[in-house]
Structures are given as structure tokens and as C-alpha cells.
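Welcome! Take a moment to look over the sequence and the model, and then let us walk through a few of their features together.

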Amino acid sequence: MNSDNGRTTSKQTWVLGLASLASFMMALDSLVVTTALSTIRQDLAASIESLEWTVNAYNLTFAVLLLTGAALGDRFGRRRVFVLGLALFTLASVACALSPNIGVLIASRAVQGAGAAIVLPLSLTLISAVFPPRQRGRAMGLYLGFTGLATFSGPLVGGVIAEGLAWQWIFWLNLPIGVAAIVLTTRRVDESVGPNNRLDLGGVVLVTLGAFGVVWGLVRGAGAGWTSVEVLTALALGVALIAAFVVWEQRAKAPMLPMRLFRRRAFATANPANFLVFASLYGTMFFLAQYFQVVLGQGPLVAGLWLMPWTATLMVCAPIAGRLADKHGERPFVVGGLLLQTLGMGWIALASAAGTGYPELLPALIIGSAGITMAMPAAQKAVVGAVQPQEIGQASGAFMMLRMFGGVFGTSVTVAVFAGAGGYSSPAEFRDGFSAGMAAVAALAFTGVLVALGMPREHVAKVVTAS
């Protein structure tokens with residue numbers, strides 16, 4: 001293990017850089033797709049449910065396979081499985097670019113999500129394993145800051161491509177990045193395994209089927225009806241299987257997710273708080289660029305430019321928030337960040353309902369983005385800091401799974417509220433739905449504030465290193 005003197009070694013630099021590059025590719029893809037939704041809707045004659053599936057098919061496979069991806073990395077080698085996930089994501093991106101219709105695009109996005117489910121928890125595991133606790137917050141801040149570069153450039157890149165070329169090129173961008181990441185990871189990252197060399201097959205089956213049922217119910221709720229037999233059955237079966245997973249993990253000799261982790265206050269509160277961070281983030285992302293185009297009458301390029309002040313905040317503030325969390329603890333940043341997101345999205349809900357223009361929305365966008373940026377690295381640090389080093393892989397998988405569940409939940413709730421209050425038939429109808437959807441986003445963020453207040457006041461890293 002590296003000395004805890006604050007200096008970054010060459011090995012740490014390569015791991016951080018390559019983990020960030022993988023995250024960059026997936027963050028860029030996610031945001032470029034969001035910016036291009038209006039163009040995809042027109043080109044492929046897609047309904048709002050199809051658009052939701054374009055986003056959530058990725059999130060669906062991502063969420064249900066996250067713990068499996070982390071477990072496979074611990075069992076068969078983190079570098080080996082990380083490279084496999086990168087290859088799967090890259091090939092699926094090519095399939096997305098070649099999709100002739102919305103159905104093929106949705107299926108290809110689902111395969112992309114499977115690749116991302118393998119890569120992202122392992123990227124966090126690789127970083128956490130080579131950085132000691134006192135350096136970990138800074139490393140995660142840099143990781144998120146580099147991801148912020150994709151966040152910053154994604155809307156503009158998506159606008160330029162959608163307006164100047166074709167939306168398919170947003171997926172071709174992943175090909176050179178993916179190949180470079182695979183080659184460099186093979187050469188520069190050491191192989192490692194987790195503490196358990198046995199694959200918890202029963203746990204894998206139960207959590208995968210249970211998560212699939214819950215996510216399917218959330219995604220289908222708006223289209224099939226929240227009280228339909230399909231949705232209620234999927235949710236009930238999903239919850240029952242997850243409950244069975246909890247019982248199984250308590251008795252398994254080598255559990256993929258030890259239930260004892262949830263007895264630690266920081267782990268048990270930072271995870272649901274982060275769930276709500278991403279619920280509010282994804283709910284905002286799904287509609288914001290569309291609002292600029294449908295209601296304010298701009299093209300994809302201008303919509304991308306208008307999103308840049310919102311996304312730039314992540315790149316600028318994430319490293320700062322990570323360093324401050326190292327010094328002052330995680331709780332103030334998660335609570336304060338979610339409160340700022342509540343204020344920002346509440347402001348947008350009121351301003352858009354009144355029919356105001358972009359200048360009136362801009363301060364609220366920056367406030368909300370600053371809040372999300374404060375909360376994300378602090379929540380990550382609280383989760384991995386609440387466990388022992390040998391448990392980081394399992395904790396990372398749980399953290400990422402709940403994060404993506406939050407994205408699916410936030411998108412589904414926002415779409416359901418939008419559909420109940422508005423639609424696409426006219427700019428005025430879209431504005432009504434958007435305003436209601438942003439009010440729902442603000443409510444999700446405020447619920448996160450209440451959850452985060454339960455986080456421990458003390459510095460999590462100090463608690464773990466002392467244990």
C-alpha cells in the first residue's frame with residue numbers, strides 16, 4: 001500500500017487516469033444522448049415512452065448487473081473484468097450507431113448498460129484500493145472532475161453532432177476512446193482480486209431478478225399505468241426477490257454484499273441520500289435540453305450551449321468539494337448540496353410555469369448544479385470510508401447499483417408527472433408538464449436532505465482507520 005503522505009505515485013496516477021477515462025466515455029455518452037433526444041424523437045418517430053426506454057434501457061441493465069459486475073471482478077480479476085466491460089460497452093456503442101429503428105437502438109443501449117455495469121463499480125474499486133483514506137476524497141474529486149469534462153462538453157458535442165451531422169455519430173465517439181482505454185489498462189494497471197474467490201451464484205441470481213422486477217415496474221409505470229397488473233406484479237415480485245436476497249446474504253458463506261455493512265450508520269444513510277441525488281439529477285437531465293428546444297424554440301446546438309453553465313459547475317467544483325470533504329467531513333456537503341438542488345429546481349419549476357426565458361433560469365441552473373456537485377463526491381467518500389479496505393469492492397457495487405436505481409426512479413417519476421400535467425402537442429403543453437416535473441425533482445432532492453441529516457457528524461475516514 002502507498003504511504004499516506006499525500007503524494008501521488010505513478011501507479012496511482014495511471015489507475016486514476018484510466019478509471020476517469022472510462023467514466024468520461026460513459027458520462028459523455030449519457031449526456032450526449034440526453035441532448036439529442038428531440039432529434040431522435042423526430043428521426044425515428046419515437047413516443048415519449050420510447051424516449052424513456054432509450055435512457056432507461058441503459059439504466060435497467062446497469063442497475064440489475066452492478067453487483068454482479070463487482071462480484072465478477074473480485075472473483076476473476078478486477079483488471080481482466082474491467083477490460084471485458086470496456087470492450088462490451090464499445091461494441092454496443094457501434095451497434096447503437098448502426099441502429100435502423102428505435103427498437104434496435106433501445107436493445108443496443110441495454111447492452112451498453114451491461115458493459116457500464118461492469119466498468120463503473122470496478123473503476124471506483126480500483127481508485128479506492130490504491131488511494132489511502134486521507135487521499136481518497138481528493139482522488140474521487142479529481143475522478144468526478146474529469147467526468148465533469150465530459151459533462152461540460154457533452155451537451156455542446158451533442159448539439160453540434162445532432163444539428164451538423166447525424167445523431168448516430170454521438171455513439172461513434174466511444175470507439176476510439178474505448179480502444180485506447182482497453183490498450184492502456186492492459187499495459188498499466190496491475191491485476192488484483194477481492195477478498196472472496198468464490199462467486200455467490202445464489203446471490204447473483206436473486207439480486208439480478210429482483211432488481212429487474214423493480215426497475216421494470218418503475219420504467220413501465222407511466223406507460224402501462226401504476227395500478228396495472230403488469231406493473232404491480234413486477235414490483236411485488238421484485239421486492240419479494242430482493243427480500244429473499246437479503247435473507248440469502250445473511251446465511252451465505254461468501255456473500256457478495258454482506259448485510260452487516262448496513263449496520264454502519266454512514267453506509268446506511270449515504271447510500272439512500274445518493275439515490276436521491278441521482279433521482280433528482282436524471283429527472284432534470286431528461287427534460288432540460290428538450291425544454292430549450294420545444295418551448296424556447298432553439299436548435300440542438302444552442303440547447304447544448306445553454307446547458308454548458310450548468311454542466312461546467314461539475315468540472316470546476318467536484319475536486320474542490322472532494323478536498324473540503326477530506327477536511328470537514330461528508331455530512332455538511334451532502335445535506336447542503338441537496339438543499340441547493342432543492343432550491344434550484346424549485347426556482348426552475350416556478351420560473352418555467354410563468355413562461356420566463358433562459359436568463360431567468362440560468363442562476364437556478366448554476367445553484368442546482370453546484371449542489372449536486374457538492375453532494376456526489378461526499379456521498380461516495382462516506383460509503384467507501386464506512387467499510388474496511390477488503391470490503392471496498394462490495395460497497396462500490398452497492399453504491400453504484402443504488403445510484404442507478406435512483407436514476408431510473410427519478411426519470412420514471414418525472415416522466416409520469418410530466419405526462420399527467422402536459423405533453424408534446426404544443427409548447428404550452430410541454431411547459432406545463434416540464435414545470436410539474438421540475439417540482440417533482442425538487443421534492444426528491446428535499447427528501448434527500450432529510451435522509452442526509454441522519455449521516456454521522458464525525459469524519460468517516462477517521463472512524464474506519466481507527467477501527
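Which residues do ring pairs link into a cluster? They are Y291, F292, W306, Y358 and F434. Before we go on, a word on the model: it is predicted, so local features need pLDDT of at least 70 and side-chain atom pairs count only at pLDDT 80 or more, while totals for chains, interfaces and linings use all residues. Residues are numbered from 1 along each chain as its sequence is written, and side-chain values use heavy atoms, with hydrogens and water left out.

Let us start with the rings. Rings of Phe, Tyr and Trp (for Trp, its six-membered ring) pair if their centres lie within 6.5 Å; planes under 30 degrees apart count as stacked, over 60 as edge-to-face and the rest as tilted. The structure holds 14 aromatic pairs. One of them joins W169 and W172, a tilted pair with 6.4 Å from centre to centre and 50° between the planes. Both residues lie in helix α7 (residues 169–172), three residues apart, or about one turn of the helix. Helices here are DSSP runs of H or I with at least four residues, numbered from the N terminus.

How covered are these two? Buried means under 20% relative accessible area, exposed means over 50%, and partly exposed lies in between (1.4 Å probe, protein chains only). W169 counts as partly exposed because its relative accessibility is 47%, and W172, at 26%, counts as partly exposed too.

For another pair, turn to F292 and W306: their ring centres are 5.5 Å apart and their planes stand at 85°, so this pair is edge-to-face. It links distant parts of the chain, with F292 in helix α11 (residues 265–294) and W306 in helix α12 (residues 300–328), 14 residues apart. F292 is buried, with a relative accessible area of 0%.

Now follow α11 itself. Of its 30 residues, 25 are buried, so the helix is mostly covered. There is a kink of about 25° in α11, centred on F287; the bend at a residue is the angle between axes fitted to the seven residues ending there and the seven starting there.

Finally, visit helix α8 (residues 174–188). Its buried residues are N174, I177, G178, A181, I182 and T185. They lie on the same side of α8 because they cover an arc of only 130° around the axis, an arc taken from the directions from the helix axis to the C-beta atoms. On the other side of α8, P176 and R187 are exposed.

Conventions: Helices (H or I, at least four residues) and strands (E, at least two) are DSSP runs, numbered from the N terminus.
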